[in-house]
Each structure stands twice: as structure tokens, then as C-alpha cells.
Amino acid sequence: GCVPWKGCLLAPMSGTEKRVKVDGDSGDEEAIIQALEQVEAMQDRLEQLNDEASERVLEVEKEYNRLRRPHYRQRSSLLCKIPGFWAKVLMNQDIAAMYITQKDAEVLQYLIDIDIEDFSDVKSGYKITFFFETNPYFENAKLEKEYHYAPDGTLTVKATPIKWKPGKNILVAGAAAAAAADTKGSKRDHDETDDGCRLFAWFSNDDTDVELAEVLKEDVWLDPLK
């Protein structure tokens, strides 16, 4: 049973030693030390169980990711029959819409599918892929952005270089238009960045800001009808 005590103070020392200060007689002190040692052993066991649970959860998640893939493929084949579906979904999502300027929207007319896939071990990251039909802006049939997490949590981002067609680079055109607007002293809309196009600028860089990526993964991709 529990031993009545008061004023117990633990302070970490070297190694696994602990100093215990107790207001009470030596019998109480000995009982409390024994109880604390038993609690510490129990905590070690709980941490071990938590680690085992985390590993099992990852295995289950990996298995269900595998089971989901055929359904995602079937969903994509159906959504491809709806012209402009993904562009509308992106522009109707509050955070994603903040990244879409007029120039981005013009290019998004050619977006035909989106795919987001976790890497095989789940916790190391994921890949976002936008698929495009043949368009007047760039040669790429798809644009990819990968988020890789190292065991220590360090994030590395890899982005697909966009192969713009001659005279169609909206990033360059947007930057020139923004500079001209600044020269004339005109006021730009608050959602226009210096390059005039946020979404494709995001797709082109390896910035580790994950705001849009997380919205795409956890909201847009999971249920685009929401």
C-alpha cells in the first residue's frame, strides 16, 4: 500500500542516482525510496511498451497505405472525367487559395490529377505530384515535390525543375510585371508575391516551409469533395 509522506524532492544527479529529501523519520524515507525505485522501473517498462506500440502503429499504417492505393487510383480515374476538378478544389481551399494568383490559375487549367504518397517507411516523408496535360507553358507532364525527414527530424525538400517553354515562364513574367508596378508606384494585390505567382514558385523551390504541403496532404488529398 501507499506510505504516508510529505515534502519529497527529487533532484537528478550523476548517472541514474537521485537525491531524496524527505520530511519524516528514516522508516518513511526508506519506504519512499523503494517506492520511487519501483515507479522508475515501471516507467522504463512503459516507455518500452510505448516504443513497441509506435512500431506496430507504423506497420499497420504501412499496410493500410498499401490497401488504399488501388482506391486512390480508381478515384483518380473517375475525377479525371471532370474538367478542371482539381483546380477548383485548390481554389476553394482557404489556405491553398492564398498561394494561387491569376497567373497560377491560368496554368492550373491544365492540371488533370494530383497524387500524394507516403514513402515506404511512412515516417520518413512523402511526395506530392501534380499531373498536367500538354500545355503552352512547360514541357513537364508532372511536377513533383518531395519532403524527406531524417531520423533526427531534419527536413530536406526536393523540387522538380520546371522546363518552361520559350517566353512562357510565368515566374519571370510575373517578376517583370511586379517590378513595373513598383516603378509606376501602383499597389499590388496582397496575395501577389514579388514573382507574381506563388504556387509555381512554391513548386520550384526547396523551401522547408510545410504549410501548403501539409494542407495538400491532410486536407485536399484525403477528401477533395469536402
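# Close-up views of a predicted model

**View 1. A salt bridge joins two neighbouring residues, K217 and E218.** K217 forms a salt bridge with E218, and their closest N and O atoms are 3.2 Å apart. The model shown here and in the other views is predicted. K217 counts as buried because its relative accessibility is 16%, under the limit of 20%. E218, with a relative accessible area of 41%, is partly exposed. K217 is also listed among the buried residues of helix α7, which spans residues 211-220.

View 2. The buried residues of α7 are L212, A213, V215, L216, K217 and V220. Their packing partners include three helices, α2 (85-92), α3 (94-98) and α6 (198-204). The buried residues of α7 also pack against the strands β3 (111-118), β4 (125-132) and β5 (142-149).

**View 3. Four strands, β3, β4, β5 and β6, form an open sheet.** The strands follow the order β3-β4-β5-β6, and their pairing is antiparallel. β3 and β6 (155-159) stand at the edges with a single partner strand each, so one side of either strand has no neighbour in the sheet. From one strand to the next, the twist averages 10°. In general, strands of a sheet pair through backbone hydrogen bonds, in either a parallel or an antiparallel manner.

**View 4. β4 and β5 pair in the antiparallel sense.** The pairing of β4 with β5 extends over 7 bridges. Within this part of the sheet, F131 stands opposite K142 in β5.

**View 5. β5 and β6 run antiparallel and are joined as a hairpin.** The two strands are joined by 5 bridges. K145 stands opposite A159 in β6, and the bridge partner of E146 in β6 is K158.

**View 6. A nonpolar surface patch is made by M42, L46 and L49.** The area of the patch is about 260 Å². L46 lies in helix α1, which covers residues 26-79. With a relative accessible area of 37%, L46 is partly exposed.

**View 7. A salt bridge links R66 and E63 in helix α1.** The side chains of R66 and E63 meet with an N to O distance of 2.6 Å. The two residues are 3 apart in α1, so about one helical turn separates them. E63 is partly exposed, and its relative accessible area is 34%. Side chains of opposite charge can pair when their charged atoms come close.

**View 8. D219 and K226 meet in a salt bridge.** The N to O distance between the side chains of D219 and K226 is 3.8 Å. D219 counts as partly exposed at 23% relative accessibility, whereas K226 is exposed, with a relative accessible area of 69%. A search of the whole structure finds 10 salt bridges.

**View 9. The whole protein chain places the close-ups in context.** The chain has 7 helices and 6 strands. Along the sequence, these elements follow the pattern β-β-α-α-α-α-β-β-β-β-α-α-α. Of the 226 residues in the protein chain, 32% are buried. Among contacts between residues at least 6 apart in sequence, 55% join residues at least 24 apart. The protein chain exposes about 14500 Å², of which carbon and sulfur atoms supply 54%.

Terms used: Residues numbered from 1 in each chain as written. Predicted model: local features only at pLDDT ≥ 70, side-chain atom pairs only at ≥ 80, totals over all residues. Heavy atoms only, no water. Buried < 20%, exposed > 50% of the residue type's maximum accessible area, 1.4 Å probe, protein only. Contact = heavy atoms within 4.5 Å. Pairing = 2+ DSSP bridges. Axes fitted to C-alpha atoms, helices over the stretch in contact; angles between N-to-C directions. Patch = residues over 30% accessible without salt bridge, like charges linked within 9 Å, V, L, I, M, F, W, Y side chains within 5 Å. Areas by Shrake-Rupley, 256 points an atom, 1.4 Å probe, with all protein chains shown as cover. Salt bridge = Lys/Arg side-chain N within 4 Å of Asp/Glu carboxyl O.
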